[in-house]
Amino acid sequence: QAAEHTLYNQYEEKIRPCIDLIDSLRALGIEKDLALPAIAVIGDQSSGKSSVLEALSGIALPRGNGIVTRCPLELKLKRIPATQAWKGKICFHNTSTELHNASEVEKAIRQAQDVVAGTKGAISGELISLEIWSPEVPDLTLIDLPGIARVAVGDQPKDIGEQIKTLLKKIIGCKETLNLVVVPCNVDIATTEALKMAQEVDPSGERTLGILTKPDLVDRGTEESIINIIRNQVIPLKKGYMIVKCRGQQDIHNKMALATAIQQERKFFETHRYFSILMEEGKATVPQLAATLTNELVRHIIKTLPALENQVHAVLQKTLQDLQKYRRGTPRTESEKLVFLADLIRFLNQDISHMVCGEEQLFGNETRLLAKIRAEFQTWAARLLECAANVKKSVLSKMQKYEDQYRGRELPAFSNYRMFEDIIKEQIIELEEPAIEILNNVMGLVEEKFMELTKRHFSNFHNLSRAAKVR
């Protein structure tokens with residue numbers, strides 16, 4: 001008990017804050033502007049995706065034939081002490097409904113999907129958020145996505161397959177999303193649509209984890225090939241593979257409890273002639289998957305937080321920049337208009353002064369004007385050094401020519417001054433073209449910066465903007 005208590009404390013100190021931070025950002029609606037770290041679950045129809053989510057969350061999700069998940073379902077699992085009671089909450093369309101029992105969840109999700117996507121089997125990209133607090137769940141946030149379908153059924157749109165793929169790619173294509181690909185053991189993994197899609201958006205396999213389901217349906221003689229897949233020897237993924245055995249359809253009809261299913265799963269792997277080795281390697285069972293996913297998500301959150309912080313700063317700077325355009329309302333009287341105009345010009349002049357002094361405000365990855373000009377002058381300095389080297393060579397050759405052809409009464413090495421002047425004039429003429437080129441480059445940089453400032457200050461005042469650009 002003491003060891004378990006210490007583990008729980010570490011969990012609360014290290015893992016819970018990371019997941020709570022991302023959930024709180026998502027609750028603020030930040031994912032509309034920025035991509036947040038998440039785990040997305042994808043799989044072909046009947047791949048066992050719902051069974052895996054049920055086993056992780058301990059709640060019954062909608063099941064049936066065809067497309068059952070018709071909207072992205074955000075599943076926020078929150079672990080609470082054993083002394084506290086189970087509770088849930090489902091949110092969609094800016095409405096929120098409290099759930100008091102795990103048995104209410106399936107009906108609530110179906111109703112939410114009917115509201116969001118309609119009752120005719122269509123799909124929607126709008127998110128339904130389901131929050132579960134329970135002593136028996138891991139601290140984890142998952143996004144369940146519609147199963148990949150190929151043929152429209154009943155009233156479904158004819159291009160339902162393409163619609164689902166477009167929705168999936170939009171979510172799993174984000175670099176901040178970990179992709180959980182669910183594949184049944186009795187299917188050739190190389191032909192699985194879900195894994196193909198994951199490979200398209202993540203060719204290196206850095207953010208993809210494979211989950212094999214239905215190990216009890218493996219054909220005899222193919223067990224070794226399944227072990228090779230789990231050991232990452234067939235289609236390698238950086239995060240590898242795991243294998244789980246969840247409740248089958250018959251178990252659900254017999255109303256088998258999820259706790260009983262986990263016990264039976266453990267027994268299945270421990271006693272299996274081939275798969276018991278995977279249990280020892282920590283690559284089998286739902287509890288092991290829950291622990292792996294939680295650690296992966298936390299590691300992923302910690303890795304992406306600095307980039308997320310930079311994105312927030314960049315968006316904030318841009319918003320502040322946009323906000324500057326709306327300082328006050330339009331003036332009414334002539335005197336107010338004059339003051340307003342003077343203020344507009346004064347603000348522009350202040351920014352020009354800051355720019356000239358190399359103190360202008362920067363946004364994102366911008367570079368100061370003086371730094372850009374300095375780079376041009378460094379190019380000029382290199383040209384001058386090159387020219388100096390050429391002068392040294394040409395003076396010697398010209399000296400030799402003078403000695404041989406033109407020397408009169410002068411002593412050797414006492415060359416005529418006019419000769420030196422001619423040599424230097426030749427070099428200066430050669431410098432004229434690069435000098436004008438650099439001058440034009442610098443003028444272009446200054447003009448570009450002035451135009452940028454004019455646009456920033458006068459974007460809402462076209463006549464003023466035009467007049468400033470002419471000046």
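Modeller: Happy to, and let us begin with Lys-78. Lys-78 has a relative accessibility of 9%, so it counts as buried; buried means under 20% relative accessible area, exposed over 50%, and partly exposed in between, with a 1.4 Å probe and protein chains only. Please keep in mind that this is a predicted model, where local features need pLDDT of at least 70 and side-chain atom pairs count only at pLDDT 80 or more, while totals for chains, interfaces and linings use all residues. Residues are numbered from 1 along each chain as its sequence is written, and side-chain values use heavy atoms, with hydrogens and water left out.

Colleague: Which side chain meets Lys-78 in a salt bridge?

Modeller: Side chains of opposite charge can pair when their charged atoms come close. A salt bridge here is a side-chain nitrogen of Lys or Arg within 4 Å of a carboxyl oxygen of Asp or Glu. For Lys-78 the N to O distance is 3.8 Å, and the partner is Asp-20.

Colleague: Where do Lys-78 and Asp-20 lie, and how many residues apart are they?

Modeller: Helices (H or I, at least four residues) and strands (E, at least two) are DSSP runs, numbered from the N terminus. Lys-78 is in strand 2 (residues 73–79) and Asp-20 in helix 1 (residues 2–27), so this pair links distant parts of the chain. Their separation is 58 residues.

Colleague: Is Asp-20 buried or partly exposed?

Modeller: The relative accessible area of Asp-20 is 29%. Asp-20 is therefore partly exposed.

Colleague: Which residue is linked with Asp-20 and Lys-78 in a network of salt bridges, and which residue is its bridge partner in the sheet?

Modeller: The network joins Asp-20 and Lys-78 with Glu-131. Glu-131 belongs to strand 5, and strand 5 (residues 128–134) pairs with strand 3 (residues 87–92) in the antiparallel sense over five bridges. Two strands pair if DSSP finds at least two bridges between them. The bridge partner of Glu-131 is Lys-89.

Colleague: What is the strand order of the open sheet?

Modeller: The open sheet has nine strands with mixed pairing. Its edge strands, each pairing on one side only, are strand 4 (95–99) and strand 9 (241–243). The order is 4-3-5-2-6-1-7-8-9.

Colleague: How many residues of strand 1 are buried?

Modeller: Ala-38, Ala-40 and Ile-42 point one way from strand 1, while Ile-39, Val-41 and Gly-43 point the other way, and all are buried. Strand 1 is largely enclosed by the rest of the structure, because its buried residues number six of the six.

Colleague: How many salt bridges does a search of the whole structure find?

Modeller: One of them joins Glu-452 and Arg-456, whose closest N and O atoms are 3.2 Å apart. Both lie in helix 13 (residues 417–458), four residues apart, about one turn of the helix. Arg-456 is buried, because its relative accessible area is 13%. Over the whole structure, the search finds 18.
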